[in-house]
Amino acid sequence: MNTKPITEIEKEIIEDFALFDSWEDKYEYIIDLGKKLPPLEDRHKVDEHKIKGCQSTVWLNASYENGLISFKADSDAVIVKGLISMLIKVLSDHTPQEILGAKMEFIAEIGMMTHLAQTRSNGLLAMIKQMKNYALAFEAIGQRKD
Amino acid sequence: MNVAEIRKQFPILERTVKGRPLVYFDNAATSQKPLQVIEALRHYYSHYNANIHRGIHTLAEEATMAYEATRMAVKDFIGAASTEEIIFTRGTTEAINLVAYTWGRQHISKGDEILISEMEHHSNIVPWQVLCEEKGASLKVIPVEEDGSLSISAFRELLTERTKLLSVVHVSNALGTVNPVKEMTDAAHAVGAKVLIDGAQSAVHLDIDVQDLDADFFAFSGHKVYGPTGVGALYGKRELLESMPVFQGGGEMIREVSFEKTTYADLPYKYEAGTPNIADTIALKAALDFISEIGKVNIRTHEEALLNYATEQLKTLPGLRIIGEARNKVSLVSFVIEGIHPQDLGVLLDNMGIAVRTGHHCTQPLMKRFGIPGTVRASFALYNQKEEIDSLVAGLQKAIKMLL
């Protein structure tokens, strides 16, 4: 369970990135995150979990337990995978409401906006949208239970 | 050819990207523009911007003359017999679609076959797929050999009396392969098929003579020949263009309109409905003039040296595999590096100021044939230099180290 608010995690990432003084350091860190992200089991690498960009493929799986959503994801490109790892770190283990309200401003702060703009090439924007879609769906389920 | 002098004509080459001098190796996607093209655009808008053809005032006359001067330049550029055979389009894609929607709808029927190749750009696949679906015709595909050349023996087997059209790329945008289009055109004509040649990649490198090729249709884009975006041309043999139905209806393409019946304008205006892209079309002439002033032979010699040097240097990198090693190739090298996704290489190279293209290059069936998600493609133009290839190789070395 993640007790930290989303904005707090975003702030930590921004602080981490502030320590890097070259693009190489920044990307080495992201590549490292990508390599460390546990691979998604093959059973989750199915079409319904696929977010297809123009260049790389992303798989995203979500589960909902005790009012919290947790995400797992994978990609065939390691930089994208590193960026996803950060998205998961920020959004995973939060309530649907918290996820829906997340502004994700850290992406611009750490200078990774270009990866958002290239929507067709790596689907990072599509990825955030998909994570929020899961939150919407789980929010609806949660409300029904109430 | 003095590359240093030529580079001065391209202001964009002076810029930096992420603090590094720009190395532009994405020329197969679009080439940069020389000053004379930029100046032609500026001059048009600041001196004689007007709608063409029907105006009787001076500005309209000047604009019309400049617009038609480009048609003449395009005719000479590709060796057409007359300017009436040159239809301006938005580019190669629109040119191919024009043929599919006019000639295709008139001539393709159930049971007919359209022959394309496995290395086609999506622009030369999808319009024919749509047509085949509509007409109950079928699409046949010439396979690509391991070295990136077309299987000519398979081509000869696939070519039958049922083949109504051969639509094939002259130079592959993903592999650089030059296809033997003249030979293929002769063979297609022998079974009564028409031939469309996609010249998007060839027009800037090779000498084009549509009459010698005996092509029925030839299409190319202005922005890949140092000209502006949004203008290209379709060449069609006069008798075909005359007998084909119209593409889009509107102004410019009519002779007389009444609610009962409309008669159409003569060639080439019949296919140019509405106000065309006047400025970019006019500036295209400046690009074609630029090429002919330098001479395609000189450009080709320079680019060939770059290609050979790049191929030789890239091969020294561990795990690098070149995709497309056909004997007859021009000006681009596509490759993969074992264990690394092309996109990761592209992202890191961009941080070093090096612009390459990564991905499937709008040729998904071709990527599938080679069993890869995509490639890194470095494509060269007349302003590129050997030192830039050294930067690419050094950049790749660095990227590999970071990624593996």
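This is a predicted model: local features need pLDDT of at least 70, side-chain atom pairs count only at pLDDT 80 or more; totals for chains, interfaces and linings use all residues.
Residues are numbered from 1 along each chain as its sequence is written, and chains are lettered from A and ligands numbered from 1 in the order in which they are written.

Tyr235(B) also belongs to the largest nonpolar core, which has 151 residues and in which Leu60(A), Ile79(A), Met131(A), Ala233(B), Tyr235(B) and Ala287(B) have the most contacts. Such a core is a set of buried Ala, Val, Leu, Ile, Met, Phe, Trp, Tyr and Cys residues joined through C-beta atoms within 7 Å; a residue is buried if 20 or more other C-beta atoms lie within 10 Å of its own, exposed if 12 or fewer, and partly exposed in between, with C-beta atoms placed from the backbone. Within chain B, this core draws at least three residues from each of domain 1 (3–27 + 295–403) and domain 2 (38–292), the bounds of which come from an automatic or database domain assignment.

Taken over C-alpha atoms, the centres of domain 1 of chain B and domain 2 of chain B are separated by 28 Å. Their contact takes 23 residues from domain 1 of chain B and 20 residues from domain 2 of chain B. On the domain 1 side, the elements that give two or more residues are α11 (296–314), β14 (332–337), α13 (364–370) and β17 (375–379) of chain B, where helices (H or I, at least four residues) and strands (E, at least two) are DSSP runs numbered from the N terminus. The residues of that side divide into eight nonpolar, eight polar and seven charged, with Ala, Val, Leu, Ile, Met, Phe, Trp, Tyr, Cys and Pro counted as nonpolar, Asp, Glu, Lys and Arg as charged, and the others, Gly among them, as polar.

Chain B as a whole comes to 14 helices and 17 strands, and of its 404 residues 50% count as buried. Its C-alpha atoms fill a box of roughly 70 × 55 × 35 Å, taken along the principal axes.

In chain A, the secondary structure comes to eight helices and three strands, and the elements run α-α-β-β-β-α-α-α-α-α-α from the N terminus on. Of the 146 residues of chain A, 33% count as buried. The axes of helix α1 (residues 6–18) of chain A and helix α3 (residues 78–91) of chain A come within 8 Å and cross at roughly 140 degrees; these axes are lines fitted to C-alpha atoms, for helices over the stretch in contact, and angles run from 0 to 180 degrees between N-to-C directions. Here Ile6(A), Ile9(A), Glu10(A) and Ile13(A) in α1(A) meet Met86(A), Lys89(A), Val90(A) and Leu91(A) in α3(A), a contact with six nonpolar, no polar and two charged residues.

Between the chains, 12 residues of chain B are in contact with 13 residues of chain A. On the side of chain B that touches chain A, two or more residues come from each of α12 (342–351), β16 (357–359) and α14 (386–403) of chain B, and the largest share, five residues, comes from α12(B). The residues of this side divide into five nonpolar, six polar and one charged.

Technical notes. Two residues are in contact if their C-beta atoms, placed from the backbone, lie within 7 Å.
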